[in-house]
Structure formats: structure tokens, C-alpha cells
Amino acid sequence: MLSDRPRAAFRDLAAALAAALLVLTAVVVGYAIEHSDGTLFVSAAPLYGHWGPHVGPGTAASIAVAVAGVAYGPSLAARLPWRPLLSAVWATATAWTFSLALIDGWQRGVARRLTTRYEYLRVISPVDRFHDIPATLRDFTHHILLQSPDHWPAHIAGHPPAATLTFVLLDRIGLGGGAWAGVWCVTVGATAGVAVLVTVRVLAGEALARRAAPFLALAPAAVWMGTSADGYFAAVAAWALALLALAVTGHRPRTTGLAAGLLLGLTAYLSYGLTLISVIAGAVLLLGRRSRLRPLPYTLAGLTVVPVVFTLLGFNWFEAYHLLVTRYYQGAGGVRPYGYWVWANPACTVLIAGPATVAGLRRAGAAVLRIGAAPVRLRTTRAPEGPSPAPGPGTPVHEEAAATGGPEAAGTAGPAPRLAVLVVAALLALLVADLSGMSKAETERIWLPFVMWMLPAGAFLPRPRAWLIAQAALALLVNHLVLTGW
């Protein structure tokens, strides 16, 4: 396989360049459509935002975090003990997200993000429409449609009430206002990468988790994690899947299975679209041990709690979702052309995930194709137990062989094919969302919960520092050139 290494690197680069071409095409075609008939409702297609080169208080800090992450990230990921590594990933992701947000300044980048006319805090101040929470939940569906009296702002109408209730409860405990809401979304959202690492470790081994760590800490997705409620949603969904992974690999299966169910139920009441997390949950279940079905009764029991509570309080999830579909087509969603967004949304995903993820997904796809030769072995193999040796900072996981299911990973029990199944499942969930027609534009924030599970594909790549430079440079470029909507 040594002779195949240059060829593999060329394929990685070709995949990244093809993705860049897709983005460029989306920009050019989007500009033409928007300036001809204005049906895209975005000024910086395919992104929701405005073109506007700028610098700000976060410019120097973001560059410093990027340089430090590239210089020391891979080596620290290889050397640090596991728990300190998780803390380091959270701290780096938090600093990276805050510094990128502060390029736009504290007010625009953090404090006012969730107070605009479309956002959650509009129903808390100046008028608190959730002063009587049970009554509001009973009446929630009566304000979804545009023609309904006092219809909800777009984001409240577009999500189940647990999303808004999060900020209502923060306000109740004295953490009201846009600044606290923004800080909450960034600090909680930054834990999503930690949850993904926990999952990768128990399902595919510690070596790959360590190689994925720098890519999760320094992700381009941080541009939209700060400050967007979808960053918070991504963290809840990620911890639900992490707990499920712990349960199906025998780590306190009753407790973790019950907790996973509770968070999965909450996830469905934060965003209707996050029901597609079930696709990734299916992959987690597939990759569990032979005893993976044992915690499922506890998971299912936990899964019923949040829906039962909201139903007893008077909120009907299914009725609200059907009304939301109508509301979606009453607004910009009914005008935005599906023929453009069905391929421009993936262009947005390239900007969220970065070129390293694109190249890693190429390798993951090759691994999944090879799995077809031995599907039974994948289903019955125990997950790797205990820590596995950490590779050096520049050591590829046996280059193309392990990364794409070659000699070492040819047995589909190998760690690389297992990780490949996980990241490809996330890609599949994203594609279903794309084809549904309910995600036309703004996917740079809406799809954050899915993209977080694609980022570990960077673990398949040799020479991680070069790819990390590309990841960080993309985030810095986007955040300095575009005044994003989030």
C-alpha cells in the first residue's frame, strides 16, 4: 500500500478542490439569481448574511487561537491523558468560538444575536409571553401560522417550545438578556465536540478519537456556533448519542441508557429536524457490543419522559409540526427555489465542515464500501475496550490502508471502518434533510448538529497540521468577509 500513498493524497486534494468549486458555483449562481429576481432571500448566497470585510476585537485572539491549535493541537492530543484532553478540547472550542464571534464585536457578535425580531428572546422582553408557561404551551399551536393572532416570530414558530423555554428558564434564574443567552449557547455548544470524542473512543478506539480531537476543537462550524441556539441544540443531541454509545458498549447501561433516552426526547422538543438524529443513533446501536439491546428498554423509558410531560401540559408535537410546514411555505421557504438550494445547501456544509472533513469523508466512504464484503462481522464485533495506543502527531493511521479499510482495517471490526460508519451516517441524515425541501438556506446553523458528527473524519488524514491550517483559514476568512446572520 505504500505506493498508493501519493495517490491517496491526490484524491484527498481533488475532493477538497471539487468541494471548493461547488462553493464557488453556489456563490456565482446565487448572486445571479438574487440579483435577477430576489427569490433566495440571502445577500451572501449560499450563506445567510451580508458581504462586508471587517475586523474587530476578536481578530487578534482568533488568529492566536488558530496558530496555537495548529502548532500544538496534534501533539497535545497524542500526549495528554484522556480526561485533560477532553477539557482542553472544550476550552479550545470555547475560546475559538468566542474569538470568532468577537470579530463582529461583543454587541453584534454575542449580546444581540438572540434578540433580533426572529429570535427567541423577543417573546421574553419587553413582553413576557411565557409568564404562565402551562397556559402558553396549551395555546402554542394557535400562534404558529402567519395569519394567526400574535403569531410567533420565525424561530419560535419553527421549533418546539423546549427551545424557547430554555431561555425563559435562564431568565427566571436571573440570567436574562441577550448576553447571557449568547454565553449559554457558546459554552454549552462547545461541549458538543467533547461528546463526539467520547462516542468515537468507545465505538472506534482512542487512537482515532485523539486524532479527531484537533479537528473538533478548531472547526469552521464555530463561526455559527457563536452565537446560535443551534449550537446548544447540537450539544444536547451530541450528549444524547454519547450516552447511548456508552450504554450499548456496556458502560453502566441502565443509567446511561436512561439518560440517553431523556436527552433524545429533549432533542426532539428542541428542533423538529433533530428527529433525524435517529439515523446516527441507529449507527451507534449497530456499532455496539453483542449485548447492545439490553439497555434499550431503559432508553425507551427515558425517551417517553419529555414527550409525556409536554403532552400533559397541552402541547401537541404532531399538530405543531404540521402547522409549521404550512408556516414554512407561507414565508421565504415557499419562494426560495428548491432547484438551487438542494445543491447549494451542501455547499454551505462545505463551509461549516471545512476541506479536511471533505477529504476525510472521501476516505470514510471508501471504508464503508469495503464493509459490504463482511456485514455480519461489523454487526457482531465488540467495540474496542479500554484505551488504545495514541499515535504520534504526524502518524497516519496506516495511511490509506487503515483509513479506507485496507489490510489492517479490512476486517470490518477495525476501528477505521467503525468510525467511517458513524460519519457516513451523519452525512446520510444531512442528505435526507436536504432532500426534504424543509431546509432551504440557513443550513449553516440548522445542520450544525449533524456536521459535528462529520468532523471526526479528519482523523483519517495524514499530515493533520496542513489540514488544520486549511480549516482555521477557512473560518477566519468567512468570519472576516461576511457579516453572518449568526
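User: Helices (H or I, at least four residues) and strands (E, at least two) are taken as DSSP runs and numbered from the N terminus. With elements named that way, in which loop is the place of Asp 150?

Analyst: The model is a predicted one. Asp 150 has a positive phi, near 50 degrees, although the residue is not a glycine. Its relative accessible area is 60%, and over 50% counts as exposed, so Asp 150 is exposed. Its place is the loop between H5 and helix H6 (154-157).

User: Is Phe 41 buried, partly exposed or exposed?

Analyst: Phe 41 lies in the loop between H1 and E1. Here too phi is positive in a residue that is not a glycine, at about 60 degrees. The relative accessible area of Phe 41 is 40%, and values between 20% and 50% fall in the middle class, so Phe 41 is partly exposed.

User: Which residue does a cis peptide bond join to Ala 45?

Analyst: The residue in question is found in the loop between H1 and strand E1 (49-51). Omega of the bond is about 5 degrees. The partner of Ala 45 in this cis peptide bond is Pro 46.

User: Which residues is Val 27 in contact with, leaving aside its neighbours within four places in sequence?

Analyst: Val 27 sits in helix H1 (residues 5-36). With a relative accessible area of 25%, Val 27 is partly exposed. The C-alpha atoms of Val 27 and Pro 46 are 6.0 Å apart, although 19 residues separate the two in sequence. Beyond its neighbours within four places, Val 27 is in contact with Ala 45, Pro 46 and Trp 51.

User: What is omega of the cis peptide bond that joins Ser 125 and Pro 126?

Analyst: Pro 126 is found in the loop between helix H4 (106-111) and helix H5 (133-139). The bond from Ser 125 to Pro 126 is cis, and its omega is about 10 degrees.

User: Are H9 and H10 roughly parallel or roughly antiparallel?

Analyst: Helix H9 (residues 192-204) packs on helix H10 (residues 206-217) with the axes 8 Å apart and at an angle of about 160 degrees. Angles over 145 degrees count as roughly antiparallel. H9 and H10 are therefore roughly antiparallel.

User: How many nonpolar, polar and charged residues does the contact of H9 with H10 have?

Analyst: The crossing of the two helices is right-handed. On the H9 side the contact takes in Gly 193, Val 196, Leu 197, Val 200, Arg 201 and Ala 204, and these meet Glu 206, Leu 208, Ala 209, Ala 212, Ala 213 and Leu 216 in H10. By class, the contact divides into nine nonpolar, one polar and two charged residues.

User: What is the relative accessible area of Phe 450?

Analyst: Phe 450 is found in helix H23 (residues 448-451). Not counting residues up to four places away in sequence, Phe 450 touches Gly 273, Leu 274, Leu 276, Ile 277, Ile 280, Ala 426, Ala 429 and Leu 430. Phe 450 is buried, with a relative accessible area of 2%.

User: To how many disulfides does the count come?

Analyst: A disulfide is a covalent bond between the sulfur atoms of two cysteines. Cys 185 is buried, at a relative accessible area of 0%, and Cys 348 is buried, at 0%. The rule asks for a pair of cysteine sulfur atoms within 2.5 Å. By this rule the number of disulfides is zero.

Terms used: Residues numbered from 1 in each chain as written. Predicted model: local features only at pLDDT ≥ 70, side-chain atom pairs only at ≥ 80, totals over all residues. Heavy atoms only, no water. Buried < 20%, exposed > 50% of the residue type's maximum accessible area, 1.4 Å probe, protein only. Contact = heavy atoms within 4.5 Å. Axes fitted to C-alpha atoms, helices over the stretch in contact; angles between N-to-C directions. Parallel < 35°, antiparallel > 145°, perpendicular 65-115°, else oblique. Left-handed = near helix turned anticlockwise from the far one by under 90°. Nonpolar A, V, L, I, M, F, W, Y, C, P; charged D, E, K, R; others polar.
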